[in-house]
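Here's a quick briefing to read with the model open beside you.

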Amino acid sequence: MPKRDYYEVLGVAKTASPDEIKQAYRKLARQYHPDVAKENPKAAEEKFKEISEAYEVLADEQKRRHYDQLGFSGVETDFGPGGFTWQNFTHVGDLEDLLGASPLFRQFFGGFGFPTEGGGPSRIARGSDVELTIRLPLAAAVRGAHPTIEVPRSTPCSDCQGTGARGGTAFETCPECHGQGQVRRVQNRGFTQLLTIGQCPRCHGTGRRILEKCPTCRGTGRLNSVERIEVAVPPGVEDGAVLRIPGHGMAAGSGGRSGDLYVQVEFEPSATLRREGQDAYAETTVPLSTALLGGEVTVATIEGHANLKIPAGTQPETPFRLRGEGFPRFRGSSRGDLIITVHIEIPRSLSGHERDLVREALGAGPRATTGKREPIWRRRSS
Ligand SMILES: [Zn+2]
Ligand SMILES: [Zn+2]
């Protein structure tokens, strides 16, 4: 998008007085602020940014003079390498009375780490996110669960209003950055200038120099605590799924939005069950007699036990399907199946009497003369 002339953006004459510029900006800000421009907030934000950049330059006597003399190149170094950002805007105080009461306004600016009072020490910044992992029994994947977890929190110290200074007053404006919290460095590289903007090393971006530390928080401005939160894990959650709990991360500075809490769900590995999507897989071993004659065995399911009917003549490795004993679909009502592979236990040795009975019933194999097991080559050769 080609840049438009700043005077044109604000709709004022080149000879406009500072008051006229301010009035023009306020009028446009009212028009483009996010409460009004709900249909197309993205376009409104672009527009708002454009008028704010123009105002940032024209409201400042020196910047305006540079712009009048050299055009955009006269003010380039006032902003970061990528051009104007909300970090460069120092006149939000001119809007507070206009838009400050609107929560949308705060939300609108909240994401930019935007200074609230014309670059003053308090900043609207978003708190950091917190990530935790919880481990649940496999049955929770079917029924859901409501575990209570302990989340480390950092909240602003109330004794110093988060400033870290005794009583919230024992500080002065940082002499290095003059309260901006950031410093700009211009490096000359041959014919080009490199502008870098970084956090002020002296005050670490707070814009303040603490004269006397708050004894409650030892000057950090924050207090660590633990918050207990009940997490609703819905049925059907996959292993490794991440639940987002908005607003339960770290607290932000004054006026800012807290970060979010991300909870990763892990299920305890089961010794008997394997999960594949909505289906569960298990194995069981039945005695030869059960496979031959039929019967019933008890098998472990996700939540407990079930009886599995084994029909007479069941072959080794036959899969049986228990419908609806698998895992539920996330946010759905249907459940997968439990598939059980049946192994058959062949006795390793038989008594002589048992041999005779098997031989009689199944009519197989040569008669053994001794109780000893005979080598295979002999059996083959006979
Ligand atoms: Zn500083
Ligand atoms: Zn404190």
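Predicted model: local features only at pLDDT ≥ 70, side-chain atom pairs only at ≥ 80, totals over all residues.

The three stops are helix H4, at residues 61-70, the zinc ion (ligand 2) with its cysteine donors, and a pair of non-glycine residues with positive phi, His204 and Glu317.

**Helix H4**

- Start with the inside: Lys63, Arg64 and Tyr67 are the buried residues of H4. They sit on the same side of the helix, because the arc they cover around the axis is only 100°.
- What lies over that buried side? The cover includes three other helices: H1 (6-10), H2 (18-32) and H3 (41-58).
- At the start of H4, look for Asp60: one of its side-chain oxygens comes to within 3.1 Å of the backbone nitrogen of Gln62.
- At the other end, Gly71 follows the helix, and its phi is positive, near 70°.

**The zinc site**

- Which protein atoms hold the zinc ion (ligand 2)? The donors are the SG atoms of Cys157, Cys160, Cys214 and Cys217, lying 2.3 to 2.4 Å from the metal.
- The arrangement is tetrahedral, because the angles subtended by the four donor atoms run from 102 to 114°, and the cut-off asks for all angles to lie between 85 and 135 degrees.
- Along the sequence, the donor residues follow the spacing C-x2-C-x53-C-x2-C.
- Buried or exposed, what about Cys214? Cys214 has 1% relative accessibility, so it counts as buried.
- Cys217 is buried as well, at a relative accessible area of 4%, since the cut-off for buried is under 20%.

**Two loop residues with positive phi**

- His204 isn't a glycine, yet its phi is positive, at about 55°.
- You'll find His204 in the loop that runs between strand S7 (192-199) and strand S8 (208-210).
- His204 counts as exposed, because its relative accessibility is 56% and the cut-off for exposed is over 50%.
- Glu317 is also not a glycine and has a positive phi, here about 65°.
- Where is Glu317? Look in the loop between strand S15 (305-310) and strand S16 (318-322).
- With 45% relative accessibility, Glu317 counts as partly exposed, because that value falls between the cut-offs of 20% for buried and 50% for exposed.

Methods
Residues numbered from 1 in each chain as written. Chains lettered and ligands numbered in written order. Heavy atoms only, no water. Buried < 20%, exposed > 50% of the residue type's maximum accessible area, 1.4 Å probe, protein only. Helix = DSSP H or I, 4+ residues; strand = E, 2+ residues; numbered from the N terminus. Arc of directions from axis to C-beta. Contact = heavy atoms within 4.5 Å. Polar contact = N/O pair within 3.5 Å; in protein donor to acceptor, adjacent residues only side chain to side chain. Donors = N, O, S within 2.8 Å, 3.2 Å for Na, K, Ca; no water. Tetrahedral: all angles 85-135°; square planar, octahedral: opposite > 155°, others 65-115°.
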